[in-house]
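The sequence and structure come first.

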Amino acid sequence: MMKFPAALRKCDPGVKFPRGRGGNVFESGDLMTAELIELLRQRIAIIADHAWRDRDGEGHLEALKEVSEKITAWTAAHRSEVDPQLRHYLGNSSFQKALAHLETGAGEGSRN
């Protein structure tokens, strides 16, 4: 298993996750969503880490593959639990759009 740099091992504690319909951060499904948000942010951080890429291209690519595989596994496991728009973004590997969708709370309550 690839070791991520310390900065990538967990989400920034100051990050605000989408609030549930009742306003509580961890309503049903929000823990699941928080896991996906963290994976998507890790992927973006890995891509943005040019110093790591330049220093250890093989390790950088391996980390990118690993987090992408985790996103794919998450998508397969939760496909029926997410709203159609998020399902579309994840199915097409539009991970930036998926993250924006989750961060804005778009689609809350429209799971099919």
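The sections below go from the whole chain to the core, the helix pairs and selected residues.

## Basis of the model

The model is predicted, so local features are given only at pLDDT of at least 70 and side-chain atom pairs only at pLDDT 80 or more, while totals for chains, interfaces and linings use all residues. Residues are numbered from 1 along each chain as its sequence is written, and side-chain values use heavy atoms, with hydrogens and water left out.

## Overall fold

The protein chain has 5 helices and 0 strands, in the order α-α-α-α-α along the sequence. Helices (H or I, at least four residues) and strands (E, at least two) are DSSP runs, numbered from the N terminus.

Of the 112 residues in the protein chain, 37% are buried. Buried means under 20% relative accessible area, exposed means over 50%, and partly exposed lies in between (1.4 Å probe, protein chains only). Among contacts with a separation of 6 or more, 64% join residues 24 or more positions apart; a contact means heavy atoms within 4.5 Å.

## Nonpolar core

In soluble globular proteins, nonpolar side chains tend to be buried together. A nonpolar core here is a set of buried Ala, Val, Leu, Ile, Met, Phe, Trp, Tyr and Cys residues joined through side-chain atoms within 4.5 Å. The largest such core has 20 residues, and Leu36, Leu40, Ile71, Trp74, Leu86 and Leu90 touch the most other members. At least two residues of this core come from each of α1 (30–48), α3 (57–78), α4 (84–91) and α5 (95–104). The largest share, 6 residues, is that of α1.

Which residues does Leu90 contact, leaving aside its neighbours within four places in sequence? The partners of Leu90 are Leu36, Ile71, Trp74, Thr75, Phe95 and Ala98.

## Packing of α1 with α3

Two packed helices are described by the angle between their axes and the distance between the axes. Axes are lines fitted to C-alpha atoms, for helices over the stretch in contact, and angles run from 0 to 180 degrees between N-to-C directions. The axes of α1 and α3 come within 9 Å and cross at roughly 155°, which makes α1 roughly antiparallel to α3. Angles under 35 degrees count as roughly parallel, over 145 as roughly antiparallel, 65 to 115 as roughly perpendicular and the rest as oblique. The crossing of α1 and α3 is left-handed, meaning that the near helix is turned anticlockwise from the far one by less than a right angle (clockwise would be right-handed).

From α1, the contact uses Met32, Glu35, Leu36, Leu39, Leu40, Gln42, Arg43, Ile46 and Ile47. From α3, it uses His60, Ala63, Leu64, Val67, Ser68, Lys70, Ile71, Trp74 and His78. The residues of the contact of α1 with α3 comprise 11 nonpolar, 4 polar and 3 charged. In this scheme Ala, Val, Leu, Ile, Met, Phe, Trp, Tyr, Cys and Pro count as nonpolar, Asp, Glu, Lys and Arg as charged, and the others, Gly among them, as polar.

## Packing against α5

α4 and α5 have axes 8 Å apart at an angle of about 155°, so α4 is roughly antiparallel to α5. Their crossing is left-handed. Gln85, Leu86, Tyr89 and Leu90 of α4 meet Phe95, Lys97, Ala98, His101 and Leu102 of α5. The contact of α4 with α5 divides into 6 nonpolar, 2 polar and 1 charged residues.

For α1 and α5 the angle is about 140° and the axes are 10 Å apart, so α1 is oblique to α5. α1 also passes α5 in a left-handed crossing. On the α1 side are Thr33, Leu36, Ile37, Leu40, Arg41, Arg43 and Ile44, which meet Phe95, Gln96, Ala98, Leu99, Leu102 and Glu103 in α5. By class, the contact of α1 with α5 has 8 nonpolar, 2 polar and 3 charged residues.

## Selected residues

Ser93 is in the loop between α4 and α5 and is partly exposed, with a relative accessible area of 47%. Most residues other than glycine have a negative phi. Phi of Ser93 is near 55°, a positive value in a residue other than glycine.

Thr72 lies in α3 and is exposed, with a relative accessible area of 52%. Thr72 and Gly91 are 19 residues apart in sequence and 8.6 Å apart in space, C-alpha to C-alpha. Ala76, also in α3, is exposed at a relative accessible area of 63%. Ala76 and Leu90 are 14 residues apart in sequence, with 9.7 Å between their C-alpha atoms.
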